[in-house]
Amino acid sequence: MAEEREEINGGRGFSMDSTESRWVIQEEDEDASDIEDYDADLRLRGHASVLDSEEDEENAEQKLVRTGPRIDSFDVEALEDISVGKKIVLAFQTLGIVFGDVGTSPLYTFSVMFRKAPINGNEDILGALSLVLYTLILIPLLKYVLVVLWANDDGEGGTFALYSLICRHAKVSLLPNQLPSDARISSFRLKVPSPELERSLKIKERLESSLTLKKTILILVLAGTSMVIANGVVTPAMSVLSSVGGLKVGVDAIKQDEVVMISVACLIILFSVQKYGTSKVGLAVGPALFIWFCSLAGIGIYNLVKYNSSVLRAFNPIHIYYFFKRNSTKAWYSLGGCLLCATGSEAMFADLCYFSVRSVQLTFVFLVLPCLLLGYLGQAAYLMENHADAGQAFFSSVPSGAFWPTFLIANIAALIASRAMTTATFSCIKQSTALGCFPRLKIIHTSRKFMGQIYIPVLNWFLLAVSLVLVCSISSIDEIGNAYGIAELGVMMMTTILVTLVMLLIWQLHIIIVLSFLVVFLGLELTFFSSVLWSVTDGSWIILVFAVIMFFIMYVWNYGSNLKYETEVKQKLSMDLMRELGCNLGTIRAPGIGLLYNELVKGIPAIFGHFLTTLPAIHSMIIFVSIKYVPVPVVPQSERFLFRRVCPKSYHIFRCIARYGYKDVRKENHQTFEQLLIESLEKFIRREAQERSLESDGDEDTDSEDAYSGSRVLIAPNGSVYSLGVPLLADFKDTINPVLEASTSEVESLGSPNAPVFDAEQSLERELSFIHKAKESGVVYLLGHGDIRARKDSWFIKKLLINYFYAFLRKNCRRGITTLSVPHSHLMQVSMTYMV
């Protein structure tokens, strides 16, 4: 076993030989050596060393154990073991994918600010410039680049990555499908970088015991995700409309209607090229964005030299005080425009799955930020002598000889910049889908090298449609800018709260540092938010309505999914029922393997009874397969499948939990999936044979932990009722016995305790041979579709949510089996409706 652990650790690229130690929480019955035993999930421990029931899990005492170090999100970058050349390529791609949004903000920031607070003197320009400079330094640089990026979940960023990180450290997920074995996944446990454990454990205990806090965290995450999706709508509208608006400076005959029409055409082109993938598009537009940032810096330096270099005084924050003192309410209104200089900051974090932390940090600090500062300084220098051009500050400040080249590159940059939040939206939707908070959609992986680069066709065209509606209905840059600020600030505030929780729970920083982060950044964002909310009635309310709709969809899906799972848990079949049916399950066991897909991770699903009453025969081997997403980015392939024996050995019924991280790519076809599953099953049986607990499989198995006292009859879909005491196929009673003898790997049965016991090796070989013969006979996928309906005596709101909204979403989303591309000849489906 030590050799196996050494091989696994070597594969991950780090060593456990370091003398550095860490603290982890260990269950009372968990052996310290098993903390590093990644293969523990594939074996069956004797007596009570495994927590086999939810009740045992909840009642288990916990203690702290000092172990070797483990790499976690505080140390790992998004992409490991990549060459210097690839790092340079990734840094170049970040220009087009991550920084396009914040890079095009000089097109409209000053224009929106000075429309809300008109220039009354040069001191106003200095004050507005000082506001912009320190907003850039505080939010994108200090908050995101230096702090938030380190809160990634093994390279994944965004609100759901933060939620996953918190769920992995504390049981705050509302879906009751957590298993003790999940914590043994090699990428699950977290290193604790601070000895201050008492406060963290108290917070953890409080979070796990309070349903209200769990729901509050989920609502914050859903609200942040809805704002990310809203950003994916308003970002293209704002960037494209502002860049095309430069035509009114170069051509006097161009009116606003023509600008809107051209913007619509550009948006259609933009979303049409999205399907070609992030990697291809990023490489194609990386040079364009590089030229754009160089142009910003060049124009800024030119204006500083030609007009007024005294704007450098704006680095003195006292000018912010003077700005508010002279303009008071108007200065407060202008904060909504000032925030536009920091839009796209969330994209640096949300798009982290596409690139490494270092590539994002280095590109921002050494290229993006200096160019942006020079660009804003140059515009302010020009406005010091040209107050009347504040409405189109950027294009008016461009030298006449460079206007058309700059206009062309600005439009190209704006088109590509609009994709920043679109790609971030794709990432968040994929994460939320994996964690059960969004209906399943078709996801296309656009890169063979980097699994995080994805494209969601339905969402892409949906964002295009809403963006077109926004541009056509609200053509004013001021109103769209206000909507932009609402969406951006919404996700910023959610990120601040979640990162604060990560600081307390996982990083365990000093309380003064945590409070300083929360007070400074949340206070700053609330101040900006108060400004944009004051102008919400001017048309920007549309984006709020859109965000509320997206929040409603996610909440209804999560509520319905949790309710469905809880109902399936309550109605699962008892082990007493299975014992009374016997090893032939009261029917004929035909050669072959049946993979019954269900979401339950414990117990026998009630829909299995429908298969028994509906089908004339059942397969000689049954495997309950549950596709489960655990709160980690990636589950190693060697730890993918978790097997347990459901019934006594002669039943040939197993449970397989196929565990995936929210970043994992499920691209395997059904043949590959079957091969991996059978190989893992054989490993499990060999490992089980090594343990001296075969005689207790029927009594101490995980899935038999609670003798559920449910109904003693099976009800078929057609309404027929079958008594448990009578075989389902009584006419075939004479033929059942030979089938039993042929289908069991051990003659021992429940009713014959004195039956002869075979040699362990001979028993193992017979069972493996039985599996091979069943595999050769064929594999059939048994799909049990469980729907839910609200009871007649339920509240009206519950009936509305479950019977209409959730049913509509479930009907129009993709089935989980779709990704395996199983032929229809290998499928058998049975539906069942639960009343909740």
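Buried means under 20% relative accessible area and exposed over 50%, with partly exposed in between; the burial terms in these legends are used in that sense, and the model shown is predicted.

**View 1. Salt bridge between R115 and D478.** At 38% relative accessibility, R115 falls between the two cut-offs and therefore counts as partly exposed. R115 forms a salt bridge with D478, and the closest N and O atoms of the two side chains are 3.4 Å apart. Because D478 belongs to helix α22 (residues 477-507) and R115 to helix α5 (residues 109-116), this pair ties together parts that are 363 residues apart in sequence.

**View 2. Salt bridge between K649 and E767.** The side chains of E767 and K649 meet in a salt bridge, with a distance of 3.5 Å from N to O. The pair links distant parts of the chain, since E767 lies in helix α30 (residues 760-777) and K649 in the loop between β7 (641-645) and β8 (653-661), 118 residues apart. E767 counts as buried at 1% relative accessibility, and K649 likewise counts as buried at 12% relative accessibility.

**View 3. Strand β11 and its neighbouring strands.** Nine of the eleven residues of strand β11 (residues 779-789) are buried, so this strand is largely enclosed by the rest of the structure. Strand β5 (residues 588-597) pairs with β11 in the parallel sense over five bridges, and within this pairing L782 of β11 is the bridge partner of L596. Strand β12 (residues 827-835) also pairs with β11 in the parallel sense, here over nine bridges, and T833 in β12 is the bridge partner of D787.

**View 4. Salt bridge between D787 and R810.** D787, whose bridge partner in β12 is T833, also forms a salt bridge with R810, the closest N and O atoms being 3.3 Å apart. D787 lies in strand β11 and R810 in helix α31 (residues 796-812), so the pair ties together parts that are 23 residues apart in sequence. D787 counts as partly exposed at 30% relative accessibility, whereas R810 counts as buried at 10%.

**View 5. A network of salt bridges around E767 and K649**. Salt bridges that share partners join R645, K649, E688 and E767 into one network, which includes the pair of E767 and K649 with its N to O distance of 3.5 Å. Side chains of opposite charge can pair when their charged atoms come close. By the rule applied here, the count of salt bridges comes to twelve.

Notes. Residues numbered from 1 in each chain as written. Predicted model: local features only at pLDDT ≥ 70, side-chain atom pairs only at ≥ 80, totals over all residues. Heavy atoms only, no water. Buried < 20%, exposed > 50% of the residue type's maximum accessible area, 1.4 Å probe, protein only. Helix = DSSP H or I, 4+ residues; strand = E, 2+ residues; numbered from the N terminus. Pairing = 2+ DSSP bridges. Salt bridge = Lys/Arg side-chain N within 4 Å of Asp/Glu carboxyl O.
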